[in-house]
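Good morning, and thank you for the time.

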Amino acid sequence: MPSFYNEVATDSDTEPARWVSGSGLDVNPMKLFDLAKSQGRVLYCAAPMVRYSKLAFRQTVARYGVDLAWTPMILAKEFNRSILARDSDFTTSPSPTPTIAQLGVNSPLEISRTTTFLAPHINGIDINCGCPQSWACAEILGAALMQHPTLVSQMVTTAKKKLYELGYEKNKKKTISVKIRVHKDLRQTLDFVRQVEDAGVDFITVHGRMRHTRSSEPVNLDAIKLVKEHARVPVIANGDVFSLADVDRIVARTGVDGVMSARGLLECPGLFATDGKGVREQETEGEGGEGGEDNRWEVLEFFMNSVIKAPIPFKLVVHHLSEMVGSDRSQSGRGTTLFTKEERAGLMECKSLLEVIDFVDGVRKVRRFE
């Protein structure tokens with residue numbers, strides 16, 4: 001499945017072009033919906049995951065099929081007040097891929113300030129109205145905001161106004177979106193959607209679970225379908241996306257414009273570039289693969305090279321790799337793992353990144369990319 005990694009408009013009607021350095025920031029996310037539709041599919045998105053949606057991981061999933069990637073939730077108040085928080089919570093590269101910065105925010109003033117900081121470096125701002133963690137809800141963040149549609153609408157309007165003042169809204173280069181959960185009474189959800197649409201939201205991501213619904217329980221596709229049927233803006237479905245078969249099932253059931261994966265991409269960052277089992281449907285240019293080849297090792301190699309250039313905490317590297325190499329609890333449907341049980345245990349015993357590199361090289365040589 002093709003993505004728009006390094007793709008822009010071209011003078012030719014048939015040949016794709018490549019982004020020059022930094023021009024990924026010039027891609028309006030709304031255009032990506034149109035491009036996906038022109039390819040006969042929906043938009044592929046990487047969910048905001050606490051700690052895990054760091055730059056190296058975003059670069060990897062973008063290289064292997066993801067069109068639009070979210071950062072982890074950034075706490076706006078702390079981000080605005082602390083340079084340490086800004087350095088820790090957001091990193092980018094000289095040639096970034098399309099990125100949405102997700103904010104944990106409950107104040108129009110704070111979102112205005114954070115938008116000012118982040119707008120030059122991202123493609124859009126997303127308001128987190130879905131995080132179910134108790135600490136977030138106690139601060140009127142995340143899923144707690146589902147009970148405050150007027151406040152969320154005010155933040156949408158304020159962020160849009162700030163983009164206009166900064167000159168981005170005039171050229172339609174940046175977006176403001178919200179990521180929500182659903183209410184027990186879906187009429188409340190539809191009212192929430194209507195209010196944020198009236199405030200100017202560009203698109204909405206719907207996690208089809210309520211705040212207290214366990215992730216082990218199936219996502220409510222009927223609720224997502226209902227939102228899509230009533231929404232005036234594009235809708236992305238979030239929840240239970242572990243394979244392309246899941247994508248087809250969810251899109252057929254709901255009619256959404258995009259799908260977002262979290263746990264599925266942790267296990268298989270090449271999910272959207274494969275048939276869902278780590279098998280490439282077409283050759284990946286420049287990586288030396290053949291059609292039909294299992295690409296999971298190639299994806300792991302790319303991630304490890306990205307980590308060298310865009311470091312993340314060591315424990316996160318180990319966790320990412322432990323998910324990528326597979327285990328008996330995998331939910332992606334892959335029948336094989338890259339590491340044996342003993343090799344996975346050896347990986348977990350590594351004490352430094354150098355030890356990890358040496359250990360993985362001992363299992364199978366990792367190529368070094370330029």
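A residue is called buried here when its relative accessible area is under 20%, and exposed when that area is over 50%, with partly exposed in between. Please keep in mind throughout that this is a predicted model.

With that cut-off, let us begin with Y44. Its relative accessibility is 3%, so Y44 counts as buried. How many aromatic pairs are there by the rule applied here? The count comes to 8. One of these pairs is formed by Y44 and F272, whose rings are stacked, with 4.4 Å from centre to centre and 5° between the planes. The pair links distant parts of the chain, 228 residues apart: Y44 belongs to strand 1, residues 43-46, while F272 is in the loop between helix 11 (263-267) and helix 12 (296-309). Is F272 buried or exposed? F272 has a relative accessible area of 0% and is therefore buried.

A second pair has another geometry. The ring centres of F339 and F359 are 6.3 Å apart and the planes stand at 65°, so this pair is edge-to-face. Because F339 lies in the loop between helix 13 (314-324) and helix 14, and F359 lies in helix 15 (residues 353-363), the pair ties together parts that are 20 residues apart in sequence. F339 is buried, with a relative accessible area of 1%, whereas F359, at 24% relative accessibility, counts as partly exposed.

F359 also leads us to E343. This glutamate lies in helix 14, residues 341-348, and touches L338, F359 and V363 when residues up to four places away in sequence are not counted. E343 and V363 are 20 residues apart in sequence, and their C-alpha atoms are 7.8 Å apart in space. At 24% relative accessibility, E343 counts as partly exposed.

Two further remarks concern rings. F33, W70 and F203 are linked into a cluster by ring pairs. There are also charged ends placed over rings: that of R86 sits over the ring of F117, 4.5 Å from its centre, and that of K174 sits over the ring of Y168, 4.9 Å from its centre.

I turn now to helix packing. The axes of helix 8 (residues 186-198) and helix 9 (residues 221-230) come within 10 Å and cross at roughly 40°. The crossing of these two helices is right-handed. Which residues make the contact? Helix 8 contributes L186, T189, L190 and V193, and helix 9 contributes A223, L226, V227 and H230. By class, the contact of helix 8 with helix 9 has 6 nonpolar and 2 polar residues, with no charged residues.

At 15% relative accessibility, D246 counts as buried. Leaving out residues up to four places away in sequence, D246 touches D240 and V241.

Finally, the backbone. R51 has a positive phi of about 75° although it is not a glycine. R51 is found in the loop between strand 1 and helix 2 (55-63), and at 48% relative accessibility it counts as partly exposed. I140, likewise not a glycine, has a positive phi of about 60°. I140 is in the loop between helix 6 (134-138) and helix 7 (149-166), and with a relative accessible area of 33% it is partly exposed.

Note on methods
Residues are numbered from 1 along each chain as its sequence is written. This is a predicted model: local features need pLDDT of at least 70, side-chain atom pairs count only at pLDDT 80 or more; totals for chains, interfaces and linings use all residues. Side-chain values use heavy atoms; hydrogens and water are left out. Helices (H or I, at least four residues) and strands (E, at least two) are DSSP runs, numbered from the N terminus. Buried means under 20% relative accessible area, exposed over 50%, partly exposed in between (1.4 Å probe, protein chains only). Contact means heavy atoms within 4.5 Å. Rings of Phe, Tyr and Trp (its six-membered ring) pair if their centres lie within 6.5 Å; planes under 30 degrees apart count as stacked, over 60 as edge-to-face and the rest as tilted. A charge sits over a ring if NZ of Lys or CZ of Arg is within 6 Å of the ring centre and within 35 degrees of the ring normal. Axes are lines fitted to C-alpha atoms, for helices over the stretch in contact, and angles run from 0 to 180 degrees between N-to-C directions. A crossing is left-handed if the near helix is turned anticlockwise from the far one by less than a right angle, and right-handed if clockwise. Ala, Val, Leu, Ile, Met, Phe, Trp, Tyr, Cys and Pro count as nonpolar, Asp, Glu, Lys and Arg as charged, and the others, Gly among them, as polar.
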